Amino acid sequence: MTGIDGKVVAITGAGSGIGEASALLLASRGAKLVLGARRSDRLEALAARIEADGGTAAWTTTDVRRRTDLADLVAYACGRYGGLDVLVSNAGIGPVSPFDELRVEDWDQMIDVNFRGVLHGIAAALPVFRMQGRGQFVNVVSTAGLRIVPNQAVYAARKNAIRTVSEGLRQEAGPDLRVTMVSPGYVATEFPDSVTSPTVKSQVQAVDFSLFPDDIARAVAFAIEQPPNVDVGDIVVRPTAQS
């Protein structure tokens with residue numbers, strides 16, 4: 001199967017931001033969407049919007065910290081649409097802070113959501129992809145792992161862990177599966193809402209340049225629409241003003 005039309009795509013973190021924008025764009029190009037996130041009201045509204053615009057979408061409440069939720073998301077896609085072509089692992093939080101604040105609970109949350117959640121997705125989708133003889137993982141990472149800056153070391157470490165896992169998975173995937181990383185720079189999303197450090201929150205909110213979720217959605221679509229023999233490994237998307 002080439003292009004996007006007719007592909008079954010599951011997206012985590014689909015309730016807002018990059019996940020929501022990706023769902024809308026892919027649906028407009030003919031993908032069959034399975035939306036996963038914790039906020040069921042957001043998912044229900046998004047699915048209704050897609051359906052009203054002539055697209056195809058279903059949803060199920062998904063907390064990526066729970067392995068069973070990812071297994072249920074993939075099983076739901078297979079049961080409803082007969083298979084799964086793409087898993088977009090987009091769910092993430094960003095409670096960045098200086099080390100001296102010792103926000104260990106925030107570090108643990110980032111491990112569970114930003115890293116363990118991706119592993120749960122791989123564990124759920126990989127057997128299905130192997131059985132089908134096709135499939136694609138699209139893991140949303142971050143430019144934070146490419147340029148380490150103060151206050152974001154733990155966040156960047158989690159993203160770089162995904163980068164390492166993705167590259168290892170790509171090497172093991174063989175000729176039938178594809179693995180893509182999309183690394184956004186500053187994007188206007190709800191990211192600042194998850195920052196618990198007052199000092200860092202004010203710094204993040206003061207950033208006066210950013211991309212929009214639609215900009216990243218186009219990168220996700222670009223990776224998915226390539227022919228089966230083309231594996232787009234990593235797409236880095238930054239605002240022109242970002243250093």
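Residues are numbered from 1 along each chain as its sequence is written, and side-chain values use heavy atoms, with hydrogens and water left out. In this predicted model, local features need pLDDT of at least 70 and side-chain atom pairs count only at pLDDT 80 or more, while totals for chains, interfaces and linings use all residues.

Trainee: Which residues of α1 are buried?
Mentor: Helices (H or I, at least four residues) and strands (E, at least two) are DSSP runs, numbered from the N terminus. Buried means under 20% relative accessible area, exposed over 50%, and partly exposed in between, with a 1.4 Å probe and protein chains only. By that rule α1 is mostly covered, with nine of its 12 residues buried. They are G17, I18, G19, A21, S22, A23, L25, L26 and A27.

Trainee: What covers the buried residues of α1?
Mentor: Contact here means heavy atoms within 4.5 Å. The cover includes β1 (8-12), β2 (32-37), α2, β6 and α7 (213-225).

Trainee: Are α1 and α2 roughly parallel or roughly antiparallel to each other?
Mentor: Axes are lines fitted to C-alpha atoms, for helices over the stretch in contact, and angles run from 0 to 180 degrees between N-to-C directions. Angles under 35 degrees count as roughly parallel, over 145 as roughly antiparallel, 65 to 115 as roughly perpendicular and the rest as oblique. Helix α1 (residues 17-28) and helix α2 (residues 40-52) pack at an angle of about 20°, with their axes 10 Å apart. The two helices are therefore roughly parallel.

Trainee: Which residues of α2 meet α1?
Mentor: On the α1 side the residues are E20, A23, L24 and A27. The residues of this contact divide into five nonpolar, no polar and two charged, where Ala, Val, Leu, Ile, Met, Phe, Trp, Tyr, Cys and Pro count as nonpolar, Asp, Glu, Lys and Arg as charged, and the others, Gly among them, as polar. From α2 come L46, R49 and I50.

Trainee: At what angle do the axes of α1 and α7 cross?
Mentor: These axes come within 8 Å, and the angle makes α1 oblique to α7. The contact is made by G17, I18, A21, S22, L25 and L26 of α1 with P213, D214, I216, A217, R218, V220, A221 and I224 of α7. Its residues divide into 10 nonpolar, two polar and two charged. The crossing angle is roughly 55°.

Trainee: Is the crossing of α3 and α4 left-handed or right-handed?
Mentor: The axes of α3 (residues 67-81) and α4 (residues 104-132) come within 8 Å and cross at roughly 35°. R67, L70, A71, V74 and C78 of α3 touch G117, H120, G121, A123, A124, A125 and V128 of α4. A crossing is left-handed if the near helix is turned anticlockwise from the far one by less than a right angle, and right-handed if clockwise. Here α3 passes α4 in a crossing that is right-handed.

Trainee: Which residue follows α5?
Mentor: Helix α5 (residues 153-173) has 21 residues and reaches 30 Å from its first C-alpha to its last, close to the 30 Å expected. Its buried residues include V154, Y155, A156 and R158, and their cover includes α4, β5 (135-140), β6 (177-184) and β7 (234-237). The residue after α5 has a positive phi, near 80°, and is G174.

Trainee: What is the relative accessibility of T180?
Mentor: T180 is placed in strand β6. Leaving out residues up to four places away in sequence, T180 touches Q136, F137, V138, N139, A223, D231, V232 and G233. T180 counts as buried, at 0%.

Trainee: Where is L102 found?
Mentor: Most residues other than glycine have a negative phi. Phi of L102 is positive, near 50°, and L102 is exposed at a relative accessible area of 57%. L102 is in the loop between β4 (86-89) and α4.

Trainee: Where does N151 lie?
Mentor: N151 is not a glycine, yet has a positive phi of about 80°. With a relative accessible area of 24%, N151 is partly exposed. N151 lies in the loop between β5 and α5.

Terms used. Expected span 1.5 Å × (residues − 1).
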